[in-house]
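Please open the model in a viewer and follow the selections below in order.

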Amino acid sequence: MTKNYLKLIGIRIRQLRKAKKLTQEDLADKADLNPNYLGRIERGEINLTIDTLMKISEGLNIELGEIIPSQALNPDVRLRSAKTELRKLVENGDPADLLA
């Protein structure tokens with residue numbers, strides 16, 4: 001179950017970063033994180049700390065609450081939402097985005 005939350009949070013961070021037209025390297029620099037670590041966060045591979053979430057929210061210049069997607073709070077929607085977002089990336093996005 002934790003993995004679903006991590007994937008949703010990672011997807012949300014990626015959405016917010018791209019909306020601000022930042023590369024992973026740009027955000028990692030602003031958040032004082034390693035770019036590879038940020039990539040793992042965006043892919044939902046790491047259980048991150050509140051401290052790391054704070055760094056990311058500050059790097060994005062947003063409130064911490066904007067990172068946690070509302071779907072993550074509803075167990076019936078979590079996985080379906082993550083699958084929908086991933087499907088959109090695959091169907092409409094640049095294949096390189098899936099590796100970023």
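Begin with Arg40, which is partly exposed at 39% relative accessibility (buried means under 20% relative accessible area, exposed over 50%, partly exposed in between, with a 1.4 Å probe and protein chains only). This is a predicted model, in which local features need pLDDT of at least 70 and side-chain atom pairs count only at pLDDT 80 or more, while totals for chains, interfaces and linings use all residues. Residues are numbered from 1 along each chain as its sequence is written, and side-chain values use heavy atoms, with hydrogens and water left out.

Glu45 is partly exposed at 37%, as is Arg43 at 30%.

Now select Arg17 and Glu42, a salt bridge with its closest N and O atoms 2.6 Å apart. Arg17 lies in helix α1 (residues 2-19) and Glu42 in helix α3, so the pair ties together parts 25 residues apart in sequence (helices are DSSP runs of H or I, at least four residues, numbered from the N terminus). Arg17 is buried, at 4% relative accessible area, and Glu42 is buried at 3%.

Finally, move to Ser57 in helix α4 (residues 50-60). Ser57 counts as buried, at 2% relative accessibility. Leaving aside neighbours within four places in sequence, Ser57 is in contact (heavy atoms within 4.5 Å) with Ile62, Glu63, Leu64 and Ile67.

Methods. Helix = DSSP H or I, 4+ residues; strand = E, 2+ residues; numbered from the N terminus. Salt bridge = Lys/Arg side-chain N within 4 Å of Asp/Glu carboxyl O.
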